[in-house]
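Here is a short briefing to read alongside the coordinates. Let's walk through the aromatic contacts, the strands and a few individual residues together.

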Amino acid sequence: MAYAAWAASTAYSVGDVVRATTLQATGLVFRCTVAGTSDATEPSWPTDIGSTIADGGITWAAISSVYGDVATLAPNAIIELFELELDATLHGASTIYYWHAGTNENVTGDIIYGGNTYVRLPVEATGFDYTSSGSLPRPTLRVANLMGDVTALLLLVNATTAGNDLGGAIVRRIRTLKKFLDGEPGADADARFPTEVWYVDRKSNENRDVVEFELASKLDLAGQMIPRRQVIANVCQWKYRGAECGYTGPPVASVVGQPIVPDSSAEAIAYAAAEATVESTKAALDAATIALNDATNALNVAEGTWTLSSSQYNRDLNLGTPDYYVAVRRSTGGLYAVVWNNGAVQLGNQYRRGKLETTGSIGRGTFNVIDYYRIEEWTFDTSAVTAAQSAYNAALSAYTTAETNYTNALSSRDAALTAWEASPTQPAEIAASGDICGKRISDCKLRFGADAELPFGSFPGAGLTQ
C-alpha cells in the first residue's frame with residue numbers, strides 16, 4: 001500500500017503508518033504506537049526495524065514497508081533491480097546504470113520504478129546471505145557481455161584510472177513488489193525491502209559472454225580505514241563555526257584565549273545598523289533585478305506575438321464574392337497575386353501564405369503554371385503589449401529605486417566604519433577578525449559554557465566539556 005508522508009503538527013492515532021518526507025534507502029516506514037500530535041519539525045528517523053523515536057506527543061516504531069505484503073499467504077511477485085553508480089574521480093563520470101535481470105514474473109520489458117527506467121539485461125547476482133562464520137558476504141555480480149557493452153565500459157573507466165575495472169563503483173540491490181512499480185494501481189516508490197549497498201571490489205572474470213565482479217561491503221574493502229576520521233586527544237577537528245561545530249554566537253576570544261569584549265559604543269552600534277541596511281537593500285536589489293528580467297522577457301514575448309484569426313481560400317473571381325488566395329508562379333517561385341476580400345495586399349505579419357489548395361495555368365506549358373494557396377490573416381494583441389509595457393515600467397522604476405537605496409546604504413556603511421575606526425573604542429577590524437578558536441576544550445567552554453553539552457558530540461570523546 002502507498003503510505004502518506006509525515007506531516008508537521010498533525011494528530012495521529014495508534015496504528016497510523018507514515019513514511020519519511022524523503023525517500024530512505026532503509027525501506028522502513030513508521031507506525032504510531034503512542035497517539036498524539038506531531039512536532040513542527042520532522043524527527044531523525046531510525047534506520048533499523050523495531051527502533052522507536054519520539055515526535056511531539058507521538059511515539060513511532062520503525063517497521064518494514066513491505067512486511068504486510070510479503071507476510072500474506074500469496075504475496076505479490078518480488079522484483080529485483082540493480083543500480084551501478086560510477087565515481088567521477090575513479091571512472092571519469094558519475095553515470096548511473098539501471099538494470100533488471102529480465103526474469104521477474106510477468107515483466108518482459110524495461111521496468112520503471114521511482115521514476116527510473118531499469119533496462120532488461122541478463123544479470124545474475126548471488127552470495128548475499130549472511131552466515132554465522134563471522135565473515136561478511138562477498139556477493140558475485142555477473143552481467144551479460146554478448147554485445148561487448150560491459151567491455152567497452154571497462155575500457156572507458158580504465159582510460160581514467162589504469163587497471164581500475166570499475167573498482168569502487170557502487171552497486172545497489174533494490175527489491176520491491178510488482179504492485180509497487182510505476183504504472184501499477186498501488187505504485188509506491190517508498191515501498192521496498194531495505195536497499196543493499198555494495199561496492200565493486202574487483203573484476204573476477206571477463207569473456208565474450210559475461211563479465212563477473214566480486215562485491216564487498218564498505219567495511220570489507222581493501223585499503224579502507226574505518227573510521228575514516230581519527231579522534232586525537234585534546235584537538236578538535238571540526239571547522240570553527242561550521243555545521244559540525246554549531247557555534248553561531250558573537251565573537252568570544254582569540255586563539256590564545258584572550259577575551260574579546262563586544263563594543264557597545266554609539267559608533268559600533270551605528271556601524272552594525274548600517275551593515276544590516278546594506279544586507280537588506282542588497283536583498284531588495286536582487287529581487288528587483290529578477291523582477292525586471294521577468295518583465296523584460298514578458299514584454300519581448302508580447303511584442304512578438306501574433307494570433308491567427310482567419311484562414312480563407314476562394315479563387316472564383318466571377319461571382320462577386322470576396323476572394324482570398326495567394327497565387328505563386330511555379331516557374332519562378334515569385335508572387336503572382338495576393339488577394340484578400342477582392343483587394344490586393346502584401347504578405348507580411350498580417351497576411352501570410354497558408355497551405356496549397358489547387359494548381360491552375362495561364363496559357364500553355366509549365367511556364368505559366370500557378371499554385372494557389374490559402375491566405376491567413378493574423379492579428380496583433382495590442383492590449384497584451386500595453387499591459388506588458390505597464391508591468392515593465394513598474395519593474396524598472398522599482399529596480400531604479402532599489403539600486404539607489406543600495407548605493408546609499410554602501411556609502412552610509414563606509415562612513416559609519418570610518419567613524420567607528422576613528423573612535424577611541426575597539427577598532428572594527430579587531431571585532432570582525434579577532435575571534436579565533438584555539439581548537440581546545442577550554443575554547444569550547446568559553447563559547448558554550450563550562451557545563452554545556454557540546455553540540456557536535458565526542459570532543460575529545462567524552463561528550464561533555466567538564
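Tyr12, Phe30, Trp45 and Trp60 form one aromatic cluster; rings of Phe, Tyr and Trp (its six-membered ring) pair if their centres lie within 6.5 Å, and planes under 30 degrees apart count as stacked, over 60 as edge-to-face and the rest as tilted. This is a predicted model, in which local features need pLDDT of at least 70 and side-chain atom pairs count only at pLDDT 80 or more, while totals for chains, interfaces and linings use all residues. Residues are numbered from 1 along each chain as its sequence is written, and side-chain values use heavy atoms, with hydrogens and water left out.

**Aromatic pairs**

- The ring rule gives a count of ten aromatic pairs.
- One of them joins tryptophan 45 and tryptophan 60 edge-to-face, at 6.1 Å centre to centre and 70 degrees between the planes.
- That pair links distant parts of the chain, 15 residues apart: tryptophan 45 is in the loop between β5 (36–37) and β6, and tryptophan 60 is in strand β7. Strands (E, at least two residues) are DSSP runs, numbered from the N terminus.
- Tryptophan 45 is buried (under 20% relative accessible area, with exposed meaning over 50% and partly exposed in between; 1.4 Å probe, protein chains only), at a value of 10%. Tryptophan 60 is buried too, at 0%.
- Tyrosine 324 and tryptophan 340 form another edge-to-face pair, with 4.5 Å between centres and 75 degrees between planes.
- Tyrosine 324 lies in strand β18 (residues 324–329) and tryptophan 340 in strand β19 (residues 335–340), so their pair ties together parts 16 residues apart in sequence. Both residues are buried.

**Charges over rings**

- The charged end of arginine 173 sits over the ring of phenylalanine 128, 4.0 Å from its centre; the rule asks for NZ of Lys or CZ of Arg within 6 Å of the ring centre and within 35 degrees of the ring normal.
- Arginine 352 has its charged end over the ring of tryptophan 378, 4.0 Å from the centre.

**The five-stranded sheet**

- Five strands make an open, mixed sheet in the order β1-β3-β4-β7-β6; two strands pair if DSSP finds at least two bridges between them.
- β1 (4–5) and β6 (52–55) stand at the edges with a single partner strand each, so one side of each has no neighbour in the sheet.
- Strands β4 (residues 28–34) and β7 (residues 58–64) pair in the antiparallel sense over six bridges. Leucine 28 has serine 64 as its bridge partner in β7.

**Alanine 11**

- Alanine 11 is in strand β2 (residues 11–12) and is exposed, with a relative accessible area of 61%.
- Its C-alpha atom is 6.4 Å from that of serine 38, 27 residues apart along the chain.

Methods
Helices (H or I, at least four residues) and strands (E, at least two) are DSSP runs, numbered from the N terminus.
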